[in-house]
Structure formats: structure tokens, C-alpha cells
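Thanks for taking a look at this one with me.

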Amino acid sequence: MLKATYAIPPLPPLAELETTAVLREAARAHRYLAELKGRAATIPNQGILIDTLSLQEARASSEIENIVTTQDEMFQATLFPEAGEGGPGKEVALYRDALKRGFDRLHDTGLLTNNTLVEMFQMLKRTGGDFRATPGTALRNDATGQIVYVPPQERDAIIGHMTALERFVNDDAVCDLDPLIKMALIHHQFESIHPFPDGNGRLGRILNVLYLTRMGLLDIPILYLSRYITTHKAEYYRLLQRVRDEGAWEAWVLYMLRAVAETSIQTLELVQGVGALMADYKARLRSGHPKLYSQDLLNNLFRHPYTRIDFVQNDLGVVRQTAAKYLDELAAGGLLEKHSQGRNNYYVNRPLVALLLRVSGG
């Protein structure tokens, strides 16, 4: 049987964590995170940001695991779930759904529990399983196939480590570390325990943003953290392993703090862009389509960058014929693009999609 190559430490680890460099970087991350939180609060319907930006996060996080999809494939999977079954777009949509489920549970209880993590895992992987029960898990270099890390193998050990991690996440009296530093420790611990048979990377990144939300640093889980990790993927894995090999906590914490700061800036640009586009569409609807205008319709066009008749029916509480009339009129007026797939029509908010492509880098 494989033997674990790293002794999972109790948290917080016996290391100097709040160094001058770390505190300086933490202050910068807090500044941009607070600006993002404030700006997000100005969007009239928070569900718009949760739905739209969580898909962008889902796409970037899945890309780290070599699940690559285009914007079009991703939105098509949300429009026609049955058509995208088994494809990369569906995998991305499942990540989005798991993130939203975790946020709902956090909203209900104020806690991030192991039961919530298991529930998200089951949704992400469409399985009834939970923590690993069978030894043999090892992490390998994608290029060489060489084993680079062996996590705990025994189920009892995994459960013990996850129980301790759950307490560290939810008991704010355990230590008085800055919550951003604590987030970096939580993420490393979760990835090192590697508790699930699959999907640990994506679940660990969901845990990051949910923890920031739990601590009140965000109101809703919209931090676009995975794009930074995708861009600096080799450094991410190198620093994860350096902590295990050398106890190099400072370098790891600095990496995560930079990720928070840089992605806060990027997500802030997205939120500001969404707000400006919504204001423009509101003015155009009121002036060019006054009989159609409602806040619910405007919200629909931004909550669903790709929308369809059913979505408008549900969001506005109108009959199918009325929903189709609204969308066709908006397409004729240049606010939407109309497309067909088989017997179905769908409508694209092209300026919003262009914004997402520009800011997210593809």
C-alpha cells in the first residue's frame, strides 16, 4: 500500500505566518476585496452576479483540471442541459451548481461543514459517494507520470483530518490570524488531505470563496480566483509542494494573497462593466421599448447572457407567446441576437458576452 509522504499538521502550523511581507500583501488584498464587495452591492439584483460570474469562475477552475470549454459551449450547456450531457460545458455547469449549493447551505447555517462539502462533491461528480474509502490515491506529474505527492490513505485518517479542518474553518476562536491568511492555510490543508476520489481541486477553490463569504469579506461568492491560478498554474503546484517538503508557508501565503488582490481587481472590472451595461440597456429599453420595460426583464437579460423563452416566462411570469414576443422585439431592436438550435430559439446579450470574454481572457 502507498504510504503518505506528508504529515498533515494541526492548524495553524508552527510557523511564522504574519511576516512583514505577508501583512503588507494582506493589506493590499483587503483593500481591493473591500472595493469589490462595495461595488457588487450596487448591482440591483445580486443573483445576476452569482449566476453570471460563477459560470466564469467555474470555467476557469475546470480549465485547471484540463476541462476546457468555450464561452459558447458553456452557455449552451445552461440553455440546453440535455444536449451537453457529458461534455465540458456540462462539467462547468455542474461546478456552478455545486458552488451555488454551497452558498445556499452557508446562507442557511452560517457554517461550512463537511456535510456541505460532501453534498457539493456529489453534485459536481453526480455520485452518491463521500470521502475516499480505498487506498491507492497518488498525485502525479501530468507530463512525466511521476508520483509527486501521496495524501493520507486510510479512511479513518481522512475523516480525522477533515473533522479537524471543519473546526478550524468554523471556530473563529481557534486562532486570531487574518482571515485571508487563514484561507490560504485552509486551502493548503484541504488539497493536502485530498479527501475525495475526484474533484478536490475544484472543491478546494469553491471552499476559498465560500470562506471569504462566511467571514463577511464578500456578501456573495463572486471572487474570480481560479483565473489567477490558471495563469500561474506551475507556481501554484510548486508552492503547494514546497510547504510539504520544506515548510515554506510564507511563499505559499504570499501567492494566495496576490491571487486575492489580482482577481479582486479583475472581478471589480467585470462588476463595473456589468453595471454600466445594465444602465445602458435600461435607458434603451425605456426609450425604445417602453411597453416592454421592467426591472425583471432587464435582470433576465443579464442573469442569462444566453436566454430563451422559458427563462423569460419563469422570470417574468408571462405566457410563452408574450415571452417570445418580447425577445423577438428586443432582437429586432438590436439589444439581443437571435439564434436557432434545432427547433429551439435562443437570444444572446452580445455586449455582455464580449465583456466577459475581454476581462476573463477568453
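The points below cover a helix pair, a pocket and a cavity.

1. First, the ground rules. This is a predicted model, where local features need pLDDT of at least 70, side-chain atom pairs count only at pLDDT 80 or more, and totals for chains, interfaces and linings use all residues. Residues are numbered from 1 along each chain as its sequence is written, and side-chain values use heavy atoms, with hydrogens and water left out.

2. Start with helices α13 (residues 309-316) and α14 (residues 320-332), whose axes come within 8 Å and cross at roughly 115 degrees. They are therefore roughly perpendicular to each other (a label for angles of 65 to 115 degrees). On the α13 side, the contact (heavy atoms within 4.5 Å) is made by I309, D310, V312, Q313 and L316, and on the α14 side by R320, A323, A324, Y326 and L327. Seven of these contact residues are nonpolar, one is polar and two are charged.

3. Helix α13 turns up again at the second largest pocket, where α2 (46-64), α3 (71-79), α4 (88-109) and α13 each supply at least two lining residues. The pocket's volume is about 200 Å³. Of its twelve lining residues, D51, T78, R96, H304 and F311 lie nearest the centre. The lining counts five nonpolar, two polar and five charged residues.

4. Lastly, look for the largest cavity, with about 40 Å³ of space. Helix α6 (155-170) gives the most to its lining, with four residues. By class, six lining residues are nonpolar, one is polar and one is charged; among them are L112, N114 and E166.

Definitions and conventions
Axes are lines fitted to C-alpha atoms, for helices over the stretch in contact, and angles run from 0 to 180 degrees between N-to-C directions. Angles under 35 degrees count as roughly parallel, over 145 as roughly antiparallel, 65 to 115 as roughly perpendicular and the rest as oblique. Ala, Val, Leu, Ile, Met, Phe, Trp, Tyr, Cys and Pro count as nonpolar, Asp, Glu, Lys and Arg as charged, and the others, Gly among them, as polar. On a 1 Å grid over the protein atoms alone, a cavity is a set of points where a 1.4 Å probe fits but cannot get out, and a pocket is an open set with protein on both sides within 12 Å along at least five of seven lines; lining residues have an atom within 4 Å of a point. Grid points are joined across faces, edges and corners, and a volume is the space filled by probe spheres set on the points.
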